[in-house]
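Trainee: Before I start on my own, could you take me through the features of a model one by one, giving the general idea and then the case at hand?

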Amino acid sequence: MKQEENFARPDAASGPGAYRQYAREWLHSHLPAHMRADSVDYRTPSLDECRDWEARMYQVGLAGMTWPTAYGGHGLSLREHLAVNKEVGALAMPESVSSIGKELAGPIIMAVGTEAQKQAFLPAILEMREYWCQGFSEPEAGSDLARLRTKATPDGDDWLIQGQKIWTSGAAKAHYCLLLTRTGTVADKHRGLLMFAVPMDTPGIRVVPIRSIDNKQSFAEVFFDQVRVPDSARLGAADEGWSAAIRVLSIERATNRMYRAWRFECELRQLVRAYQSEPALRGRLQEPGLRQAVGQVVSQIDGLKGLVERSVEQLQAGEPIGARGSLTKLYWSECHQAFASLALSMVADINPGHSALAQRAKAHFTQAYLFSRAESIYAGTTEVQLDVIAQRIQQLTKD
Ligand SMILES: Cc1cc2nc3c(=O)[nH]c(=O)nc-3n(C[C@H](O)[C@H](O)[C@H](O)COP(=O)(O)OP(=O)(O)OC[C@H]3O[C@@H](n4cnc5c(N)ncnc54)[C@H](O)[C@@H]3O)c2cc1C
C-alpha cells in the first residue's frame, strides 16, 4: 500500500480530469483486496470496515466533494463528484453504508435546515460519525406518499409523533431518521406535511427488522409511540414537508449513487473474466445468443452513462432535473435487472470444480440478482416512473 503523501490532491482549478486520475490512483492503491467483490480474497466487510473506508475516502477528498467547506465539504462541483463516481464505480468496492446521509439527508438539510442544524449534522455525516435513515414509506403510503398518516402534534415547545414507517433502510444502525409526518388529516394530502430529524434513540421508537429474499435484514418497520422531539428537530417550515420530500425523491431518482453505470460495467468485466478463467466456460462466450445478450447490456450501460452525464451538465447549468430524474431511475433499474438476470443464467453453469474467480462470480451475481428485484420498487416503482414520464415529460393528462 502506498503512503498518503504520494498522492497530491488536485485543487479546484485542476478540473475533473485531474480529479478522476487522482481518485483512480488513490482508490486502486488503498482498497484492500478483501473488500473488492471481484477478488477471490473477498469476504463480506463489516459495518466498521465500511465506515473506516468511507471516512478515509472523505479525508483524502473523495467524498463530500460538492458540499460547502463551511460544513466540512470540499467545495467542488458536480463534475468532480461525477469524476470520482466513475472511479468508485469502476472498482468493485462496497456500496456506501451512509448514502442516505450523504446523498439524501445532507442535501435536504443544506436546503431547508437552520444554520445550527447544518453545523450539527453535516460534518458528522461526512466524517462517518452518524448514519441516517429515511422514514417516508408507510404500510398504506408508498407510491402514493401523500397518504401518509404518521402524525406530528404540537405539545408546548415540543412535538409528539405517533405512527409507523416501513421498508426503512438502515434503520437498525441509524442515529437519525429523516422523518416525514403530517400535522392534519390524510384528507389534507400533501398539505401540512412536516419533516423532522429524529434521533433514533428517542424513547418510544421501536425498530423491527424485515428479512428480504437475499436473507439480509437491511430494512425495518419503525414504530413511533408518542415520540417527543423539540421544535429544533423540525427541518424546514410548517408547510414545507411536501416540497422537501419531493426534493429528496428527485435527488434519489436522478443523482443518488451516480456511479451505477460504471459499477454495472465493472460487474460485466467480472462476469466475463470469470468465464474466461474457466476452459469449460470460455467457449460459451462465442455463442451468438450470449454475445448478443452481452451486447444489449453494454448498449444499455452506455445509454445510462449518457443520461447521467447530461443530468450533471443540466444541474451545473442551474436547470432543475425535475421529471427527467424518473427517466434515469427507470433506466438504471431496468438495465440492472436485465443484466442481473443474464448474469444469473450465466453463473448457473459454474460448478464447485470451477476456478476460484468463477466461484466468486457465482456468489456475487446470485446475491446481485436477488437484490436487483427490489430495484424496480425502491426510489419509486417502474410503473410510477413510467406514469411520471408520460404525464410530465410527454405532457399527457390524467383524463
Ligand atoms: C430495498 C428497498 C428499500 C427501501 N428503502 C426505503 C427507505 O429507506 N425509506 C422509505 O421511506 N421507503 C423505502 N422503500 C419503500 C419504497 O419506496 C416503496 O416500496 C415504494 O415507494 C412502493 O411503495 P409500496 O411498497 O407501498 O407499493 P405500492 O405503492 O402499494 O405499489 C404496489 C404496486 O402498485 C403499483 N402502483 C402504485 N401506484 C400506481 C400508479 N399510480 N400507477 C400504476 N401503478 C401503480 C406499483 O408500481 C406497484 O407495482 C424501500 C423499498 C425497497 C424495496
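This is a predicted model: local features need pLDDT of at least 70, side-chain atom pairs count only at pLDDT 80 or more; totals for chains, interfaces and linings use all residues.

Mentor: Residues are numbered from 1 along each chain as its sequence is written, and side-chain values use heavy atoms, with hydrogens and water left out.

Trainee: How many aromatic pairs does the structure hold?

Mentor: A pair of aromatic rings is described by the distance of the centres and the angle of the planes. Rings of Phe, Tyr and Trp (its six-membered ring) pair if their centres lie within 6.5 Å, and planes under 30 degrees apart count as stacked, over 60 as edge-to-face and the rest as tilted. The structure holds 10 aromatic pairs. In one of them, the ring centres of Trp132 and Tyr176 are 5.1 Å apart with the planes at 25 degrees, so this pair is stacked. Because Trp132 belongs to strand 1 (residues 132–135) and Tyr176 to strand 4 (residues 176–182), the pair ties together parts that are 44 residues apart in sequence; strands here are DSSP runs of E with at least two residues, numbered from the N terminus. Ring pairs also link Phe121 with Trp132 and Tyr176 into a cluster.

Trainee: Is Glu138 buried or exposed?

Mentor: Buried means under 20% relative accessible area, exposed over 50%, and partly exposed in between (1.4 Å probe, protein chains only). Glu138 has 6% relative accessibility and therefore counts as buried, and both Trp132 and Tyr176 are buried too. Glu138 is found in the loop between strand 1 and strand 2 (151–155). Its side chain reaches the backbone nitrogen of Arg149 at 2.7 Å, and a polar contact of 2.7 Å joins the side chains of Glu138 and Thr150. A polar contact is a pair of N or O atoms within 3.5 Å; within protein, one must be able to donate a hydrogen and the other to accept it, and residues adjacent in sequence count only if both atoms are side-chain atoms.

Trainee: Which residues are closest to the ligand?

Mentor: Of the 14 residues that surround the ligand, the closest are Ser137, Ser143, Trp167, Thr381 and Glu383, where a heavy atom within 4 Å is the criterion. An oxygen atom of the ligand is 2.6 Å from an N or O atom in the side chain of Glu383, and a ligand nitrogen atom is 2.7 Å from a polar backbone atom of Gln134.

Note on methods:
Helices (H or I, at least four residues) and strands (E, at least two) are DSSP runs, numbered from the N terminus.
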